[in-house]
Amino acid sequence: AKQPATKTVDLRYYIYPLYDFEQQIIGIILSFEDITEEKKLRASLFEQEKNRTLNQLVAGIAHEIRNPLTSIKTFAELLPQKAHLPAFQQAMAYHVPREIDRLNQLIENLIDYAKPRKMSRMPLEVGPLVQSCLFLFEKTIRDKGFQLSQHIPSGLWVTADPNALKQVLINLILNAVEAMEQRLMQAEPPAQPLTLTIRADAENTAVHLLIEDQGIGMDEHSRRMAFEPFFTTKPDGTGLGLALSRQLIHENGGELFLESAPEWGTRVVIIIPKGEKPDEENLDHR
């Protein structure tokens, strides 16, 4: 006989105490809610926001990709005339592999960010993960004259899904850079260079990761609405970045908090469960 088709559903359950007229608990009420479609919609919105961010990243690092290509192209064009010169050989042997490595790292980071992946929590070292995200913003930070202040102790590990945490960090860094760019365009731009601060430290069973900018900041209404889906103050924004970021952190057993004020800037704190360095043979080198 033909086996019936199976269907997987996602359920959310609620447990409430059941009281009698004397307010004594005499039982419980257990209810279930089918959230299958809700999860599908959330996944779809997540991919839309990720694609929007990816497009902005690609546009921002287009010149960063062209620079190594220009260098490699120059060496290739000079090769017929200067191949016999020892100085040229040394320069080519030094610069070309480094430019290729830089191109490869940029492309690998973009591919790793873009490809879909199931949620899989594992030990992650905070420092290298943050650096892989900042790598995509180096040119923008440099060209805008922003300063970068970092303090992330070595050997600091968390337990999280690498793709999810990278998604959150890239969204938050992009928001910080855009906020500082907007402050530069004000009628009275700041006299001192603006600083992007990234700091991490361990507290008890969690790691606190702080991302702070000196951008335009938010007023009280915008700050209270910041995590509401589809609320945005950007002309081309979707209003999904912060909402999805907090959702991803929650799904990894953490919390995400935001403080902001006009002209002061914005501070986001991610609290994520602490992790332990795995054995070398099981180490994820992502």
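**Helix packing and burial**

Me: At what angle do helix α6 and helix α8 pack?
Reply: This is a predicted model. Two packed helices are described by the angle between their axes and the distance between the axes. For α6 (residues 162-184) and α8 (residues 241-251), the axes are 9 Å apart and the angle is about 145°.

Me: Is the crossing of α6 and α8 left-handed or right-handed?
Reply: The crossing brings Ala164, Leu165, Gln167, Val168, Asn171, Leu172 and Asn175 of α6 against Gly241, Leu242, Ser245, Leu248 and Ile249 of α8. Of the residues in this contact, seven are nonpolar, five polar and no residue is charged. As for its hand, α6 passes α8 in a crossing that is left-handed.

Me: Which residues of α8 are buried?
Reply: Buried here means under 20% relative accessible area. Within α8, the buried residues are Gly241, Leu242, Ala243, Leu244, Ser245, Leu248 and Ile249.

Me: How many residues of helix α4 are buried?
Reply: Helix α4 spans residues 126-134 and is mostly covered. Its buried residues include Val126, Leu129 and Cys133.

Me: Is Tyr13 buried or exposed?
Reply: Tyr13 lies in strand β1, residues 11-19. It touches Leu30, Ser31 and Phe32, leaving aside residues up to four places away in sequence. The cut-off for exposed is over 50%. Because its relative accessibility is 55%, Tyr13 counts as exposed.

Technical notes
Residues are numbered from 1 along each chain as its sequence is written. This is a predicted model: local features need pLDDT of at least 70, side-chain atom pairs count only at pLDDT 80 or more; totals for chains, interfaces and linings use all residues. Side-chain values use heavy atoms; hydrogens and water are left out. Axes are lines fitted to C-alpha atoms, for helices over the stretch in contact, and angles run from 0 to 180 degrees between N-to-C directions. Helices (H or I, at least four residues) and strands (E, at least two) are DSSP runs, numbered from the N terminus. A crossing is left-handed if the near helix is turned anticlockwise from the far one by less than a right angle, and right-handed if clockwise. Contact means heavy atoms within 4.5 Å. Ala, Val, Leu, Ile, Met, Phe, Trp, Tyr, Cys and Pro count as nonpolar, Asp, Glu, Lys and Arg as charged, and the others, Gly among them, as polar. Buried means under 20% relative accessible area, exposed over 50%, partly exposed in between (1.4 Å probe, protein chains only).
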